[in-house]
Amino acid sequence: MRQFLFENKKMMKKKSVWAAVFITLLSLLVLSYFHFSAADRIRNGNIVKQENVLAQYKIWIEDAETELQIAEKNSDAETGDAMAAVIEKYTQSIVNQEKWISDYTQREWKTILEEDIADFELYSSEDGSMAIEGQRVKSFTLRAALEEKRWFLKNGIDPVVQNTSYNLFVPTIYEDFTGRALDYWKQVTARYGDTGLTYFYGMMPNFLMQIFILIGCFLFGNSISGESGKKKKGLQLHFVQPVSKTALFLSKYVSGLTATLIFVGLLVSAIIMSGEFGNGIGSLEYPVLVYEGAEPNPYGSEFNALIPENDQFHFIPLGEYLKDVLMMGSGLLFFTYSLYFLLALGIRNQSITILVTGGILFGGMTILPVSAYNPFTYVDIHRALNGEIATIAFNPAIGFQHGMLALFVVGTAVLLAAFIGFHVKSRNVAA
Amino acid sequence: MLAGTLLLIGTLFIRNVMQQDVVRAEKIEWFSGYMQEVATQNRTDRQMLQETPLEELEQKLDVGVALQNQLNGLILSIENGAWEDELQQEIDVYLTAIDYKEVKGNYSFSNGDMDETIRLNEQLLLLGLPKEDIGRSVQPPLFIKQIVSLVLNPFGLTVLLVLLGTVITREFEDRNMQMVYTFPIPKWKYVFVKFTGLLLTGLIWLSVLFSASYLLPALTVESKELIFDYPLSLANGSFLDAGTYINEACIYSVGVLLFAIGVLTLVGFMARQTIISSVVILAVFAGGWMSIRNGMDLLWNPFTYVNVNEAIINHADYFPTGLIVLFGVAAVLLAIAMWGSRKRGVS
C-alpha cells in the first residue's frame, strides 16, 4: 500500500502530467463549444429555410390577389374563384407554417412529431414507400424512424438537430445507397447532439471512448519506461530497495490504471457537462437503437442475409446504454492499459508505444475475424453494444457479457505477460 | 517511421492485387441486382398487359425488355473481361435506363449519377483506358491517389508529428538543451535549424511515400498506356487527369508538411515536454478536422488542405492559392517559435 501511495505521489508531482490533463480538458471543452455552436447554426438554418417557404407563400398570395383583381375587372368568374381558392389555401399554409416555425423555435415537438409520425406510418405501410434519388429507403429504416418518433412523443424527448426539419430519418446498417443518393442520405442523417448526453452518444461511433483511453495510457502508463531511459535510471534504485518486485510492479501498474480510469471518467463527465454550452445535459431517456439481428439461414452461413422487412430492433434508454458503455469501457481500458504497459517494458519512446498500441487495437479490430471471444471485436464498443456487429456477423453471442469476459480474460493474460516481462527486465537491469 | 510507411504501402498493394477478381464479381453482382429489378417489373407489366392492354404500359415494357437485354449483355462483357464492350454497354444501359424512367419505369440509380458515368465512360473510350476501381486499383497513379487519401490526412499527420515531435522535446527532457544553449549560436537560429532538419526528414519521408507508391505497382504490374491521363471526377462535376492530380498532390503535400512542421516547431519549443506537445498537436488537428467537418473548409483555412485528396477533389479552384496560405501560415508559426525562444532559457 505504501508503495502504491508513493507511486501515486510521484505521478501527482509531475507538472507535465497536470498540464497535459488541463490542456486535454480545455481542448475538449473548446471543441464541444464549437460543436454546439455548429448544432445551433444548423438549427437556425432549418428555421430560415422554413421562413423562406413562408415568404414564398406570401408572394404566391400577392400574385393570386393581382390575378383575382384582373379577373374581377374582366368579370372572369372562373379565374376569380380559382384565385380565391389559391389565396385561401396559401393563407392556411401560412398559418400552419407559422405554427411550425413557432413550435420548432420553442422546441414544442408534440405537433411536429405527430405530423411526422403520420407521414412515416404511411411510408412504412404496405402501400407506402420512400425513395432518395430513385433508391428506396429500406423498410427497416422506415420502421426504426417511426418507432423512434413514437418514443420521442411518448417520453417527451427532443430529437437531435439534423440538416432537415422534416422526415427525420435514423441511419441504420440496412441502407446501401450509392452515388448521389448516398451523399444525400449522409447529409440528412448526420445528427448533431444539442445536449451533453446526445453529444456523447453521437460521438461514440467516432471512437471517442477509445481515444480517451489511449490518451490516458499515454499520460499515465509510463511509470516503468519513464524510469528506465538512457539518462533516467530510477528503476535501478527501486531494485536495490527492500521492496518485492511483485509489489513494485503492482503498485506501478495499479497507480497508472487508477489514474487512467479517473482521467477517462473526468473526460466523459466533461463532455456530458459541456452540454451546458448547448441545450443542457439532456435526458437519460433518449432512445438508442438496438439491432436484434437476423436469423441465420438454416441451409448454411453463405446464405445469410439481412432482411429489412423482417429483421427486428428495439430501443433502449440512453441511461442504460451509458451504463453499459461505461462498464465495457472499463473492460477495454483494462485490456488496453495492460497492453500498453506490456509494450512500454520494451519500448522506451512513449510516442511509439502509443502508436503501436493504437495500431494493434485498430489492426486487431479490422483484420482479426469477428468472434464472441475475440477482445478486439469489442474495441468498437458502440457497435458491439447496439448489436450492429452481432447482426452483420450473424452471431448473436457477440454482446455485453461475452465482451466483458473476453476483455477481462485476455486483459489478465496480457497483464501476466507484463508481469513476467517486468521480472525479466529487472534481471537484465540488475545484470 | 519509414519501415511503417513501406509496410503500409506493401500491405495495401497486396490487398489491391488480391481484390482484382472481387472487383469484377462485385460489378456483376451490382448489375445483376438492377437486371433483377427490371426483370420483375417486366414480368408484372406483361401480366397487366394481358389483363388490360394499355399503350403506355406497352411502351414501358418495350423499353424495359431492351434494358434487360442490355444489362444481360453488359454482365457478359464484364464476365469476359471485354472492357471496351463493357464501357460502351454501360453507356447504352444508362441511356436506356433514363428513357425507362421517363416511361415510369423504376431504375434505382439517379439520373445525375448515370450522366456522370456516361461522361466518364466516353472519356475512357476516347483514351482507350479500361475503368478502374479507384479505391482498389493496381495502376500506379490511382494507387498513389489511394495512398494520398489514406496517409495525407489529419490522422496521418498527427501520427507523423507525434513521432517527429520527440526530436525537439527529448532535447529538453534529456537536458541536452542546457548544453546546447551555452553554444555561441542565437537561440532563434537553433529553432530554425531544428525546423529545417524536421522539414528535411519530412521531405525524405514524403519522397519515399510517393516513390514507393509509384514503383511498387510500376515494377510488378503492367501499366496501361496513357494511365496518367485517367479522368478523375471532381466535386464540381468536371474531370482532372490522374497526372495533374499527382502533381497537385505532391505540391500540396510539401505545403502541408511545411505547415505541419511549423505547428510542431512552435508547439515543441513552447511545451518542451513530449506528452504536452503530443496532446496539443492532437487537439490542434482534431480542432482543424472539426472545423472542416462543420463547413469551415475555406480558402484561408490551412486545415482545408491537410486532407490533400479532399482539397484537390472538392476545392479544385483553391489551387495554387492554397499553397500561399500554407506557406504563409508556416512562416508565421516559425517566426513566432523563433521569437518566443529568443529570451527563454532552460531550467
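Visitor: How many disulfides are there over all chains?
Guide: Counting a disulfide as a pair of cysteine sulfur atoms within 2.5 Å, the total over all chains comes to zero. Please keep in mind that this is a predicted model, in which local features need pLDDT of at least 70 and side-chain atom pairs count only at pLDDT 80 or more, while totals for chains, interfaces and linings use all residues. Residues are numbered from 1 along each chain as its sequence is written, chains are lettered from A and ligands numbered from 1 in the order in which they are written, and side-chain values use heavy atoms, with hydrogens and water left out.

Visitor: And is Cys217(A) buried or exposed?
Guide: Cys217(A) is buried, because its relative accessible area is 0% and buried means under 20%, exposed over 50% and partly exposed in between, with a 1.4 Å probe and protein chains only. Cys250(B), in contrast, has a relative accessible area of 28% and is therefore partly exposed.

Visitor: Which residues touch the most other members in the largest nonpolar core?
Guide: Those are Phe200(A) and Leu219(A), in a core of 123 residues; a nonpolar core here is a set of buried Ala, Val, Leu, Ile, Met, Phe, Trp, Tyr and Cys residues joined through side-chain atoms within 4.5 Å. The most residues in this core, 16 of them, come from helix 11 of chain A, residues 318-346, where helices (H or I, at least four residues) and strands (E, at least two) are DSSP runs numbered from the N terminus.

Visitor: What is Phe200(A) in contact with, leaving aside its neighbours within four places in sequence?
Guide: With those neighbours set aside, Phe200(A) is in contact (heavy atoms within 4.5 Å) with Leu208(A), Val268(A), Ile271(A), Ile272(A), Leu322(A) and Val325(A). Apart from this core lies another, of 74 residues, which includes Leu161(B), Leu234(B), Ile261(B) and Phe285(B).

Visitor: Changing topic, how many residues of chain B are in contact with chain A?
Guide: There are 32 residues of chain B in contact with 32 residues of chain A. The area buried between chain B and chain A is about 2,500 Å², with 64% of it given by carbon and sulfur atoms; buried area is the accessible area (1.4 Å probe) that two parts lose on being put together, summed over both. On the chain B side, Ile275(B), Val279(B) and Met290(B) lose the most area to chain A, together 23% of what that side buries.

Visitor: How many salt bridges are counted between chain B and chain A?
Guide: The count between these two chains is two, where a salt bridge is a side-chain nitrogen of Lys or Arg within 4 Å of a carboxyl oxygen of Asp or Glu. Asp113(B) and Arg180(A) form a salt bridge, with N to O at 3.2 Å.

Visitor: And how many over all chains?
Guide: The whole structure has 20 salt bridges. Inside chain A, Lys110(A) pairs with Glu114(A) at 3.0 Å, N to O, and both residues lie in helix 4 (residues 109-123), four residues apart, about one turn of the helix. Lys110(A) is exposed, because its relative accessible area is 54%, whereas Glu114(A), at 36%, counts as partly exposed.

Visitor: What about Lys149(A), buried or exposed?
Guide: Lys149(A) is buried, with a relative accessible area of 1%, and so is Asp116(A), at 4%. These two residues form a salt bridge whose closest N and O atoms are 3.6 Å apart, and the pair links distant parts of the chain, Lys149(A) being in helix 5 (residues 139-155) and Asp116(A) in helix 4 of chain A, 33 residues apart.

Visitor: One last topic: where does UniProt place "transmembrane region" in chain A?
Guide: The unreviewed UniProt entry places that feature at residues 207-226, 247-273, 325-345, 352-373 and 404-424 of chain A; UniProt positions are given in the numbering used here, feature names are shortened, and annotations may be inferred rather than shown by experiment. In the model, residues 207-226 of chain A are 65% helix and 0% strand, with end C-alpha atoms 28 Å apart, while residues 404-424 of chain A are 100% helix and 0% strand, with end C-alpha atoms 30 Å apart.
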